[in-house]
Amino acid sequence: MGPSPEDTDRGPRSQLERSGRELASQLARIGRSLQSHLTNIGRSLGCHLGRIGRSLASHLRRIGRELPGQLERIGRGLLSLLTHIGRGLRSGAVGTHRGVRSYLAGIDRDLRPYLIGFALALILTAIPFALVAINPWSKPTTLIIIGIAATIQVLVHLRYFLHLDLTSTPRENLVAIVFTAILIVLMVGGSFWIMFDLHNRMAM
């Protein structure tokens, strides 16, 4: 007698059941491994975020401790500056000439060169803008005047802002002045050379 239909169906069914059980076992192992990895990643991420939070809190606490002192120093400096300016303005009401002299006398000696340099820098900056806007002369004359104003402005910056003169540390000042002169020659000369070369190329 041959195998019955039930025995014939039982072979593939048992194989399917074994395959299902193996697949379920593998999926369970994969799930457990994935859960373990996710747990480790969560712990590591939590540690990193905790360190970042502690570092940020430490920086914020340090900034909070230092900020009032810095604001107080800035406030004292602004108050002193406004006091000097107020004294100068009050003394300037006596007369134009006398007011300017008393205003400069009321300003701190350390602040006076900066104000003079700032005023000269504004004038030397306004001259080229006015020449370009009004255009009273030809372009070469305007360019020459702009170059002269720029050179004088560099000297004003050296004298009133960088305090370079020949009375103190002459060797260092001489080196700085020579280096500045070389830079001026290279920048101004190179700019003029480029502009004239482009003008000649466009005129051809």
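This is a predicted model: local features need pLDDT of at least 70, side-chain atom pairs count only at pLDDT 80 or more; totals for chains, interfaces and linings use all residues.
Figure 1. An α-helix has 3.6 residues a turn, so residues three or four places apart point the same way.

**Figure 2. The chain as a whole, as a setting for the close-ups.** The secondary structure of the protein chain comes to five helices and zero strands, and from the N terminus on the elements run α-α-α-α-α. Of the 204 residues of the protein chain, 10% count as buried, while the chain exposes about 16,500 Å², of which carbon and sulfur atoms supply 68%. Among the contacts in the protein chain with a separation of 6 or more, 48% are accounted for by residues 24 or more positions apart.

**Figure 3. The salt bridge between Glu72 and Arg76 in helix 1.** A search of the whole structure finds two salt bridges, and one of them joins Glu72 to Arg76, with the closest N and O atoms 3.1 Å apart. Both residues lie in helix 1, which covers residues 5-91, and they are four residues apart, about one turn of the helix. Glu72 counts as partly exposed because its relative accessibility is 49%, and Arg76 is also partly exposed, with a relative accessible area of 48%. Side chains of opposite charge can pair when their charged atoms come close.

**Figure 4. The salt bridge between Asp197 and Arg201 in helix 5.** Asp197 forms a salt bridge with Arg201, and here the closest N and O atoms are 2.9 Å apart. The two residues belong to helix 5, made up of residues 170-203, where they lie four residues apart, about one turn of the helix. Asp197 counts as partly exposed at 26% relative accessibility, whereas Arg201, with a relative accessible area of 57%, is exposed because the cut-off for that class is over 50%.

**Figure 5. Thr142 and the residues in contact with it.** Thr142 lies in helix 4, which covers residues 139-161, and it counts as buried because its relative accessibility of 8% is under 20%. When its neighbours within four places in sequence are left aside, Thr142 is in contact with Leu131, Asn135 and Trp137.

**Figure 6. Gln153 and its polar contact with Thr125.** Gln153 also has its place in helix 4, and at 17% relative accessibility this residue counts as buried. The side chain of Gln153 makes a polar contact with the side chain of Thr125, at 3.3 Å. Apart from neighbours within four places in sequence, the residues in contact with Gln153 are Ala121, Leu124 and Thr125.

**Figure 7. Helix 4 from end to end, and the residue that follows.** The 23 residues of helix 4 should span 33 Å at 1.5 Å a residue, and the end C-alpha atoms are 32 Å apart, which agrees. Within helix 4, the residues Thr142, Gly147, Ala149, Gln153, Val156 and Leu158 are buried. Helix 4 is followed by His163, whose phi is positive, near 55°.

How values were computed
Residues are numbered from 1 along each chain as its sequence is written. Side-chain values use heavy atoms; hydrogens and water are left out. Buried means under 20% relative accessible area, exposed over 50%, partly exposed in between (1.4 Å probe, protein chains only). Contact means heavy atoms within 4.5 Å. A salt bridge is a side-chain nitrogen of Lys or Arg within 4 Å of a carboxyl oxygen of Asp or Glu. A polar contact is a pair of N or O atoms within 3.5 Å; within protein, one must be able to donate a hydrogen and the other to accept it, and residues adjacent in sequence count only if both atoms are side-chain atoms. The expected span of a helix is 1.5 Å times one less than its number of residues. Accessible areas come from the Shrake-Rupley method with a 1.4 Å probe; for residues, only the protein chains shown count as cover.
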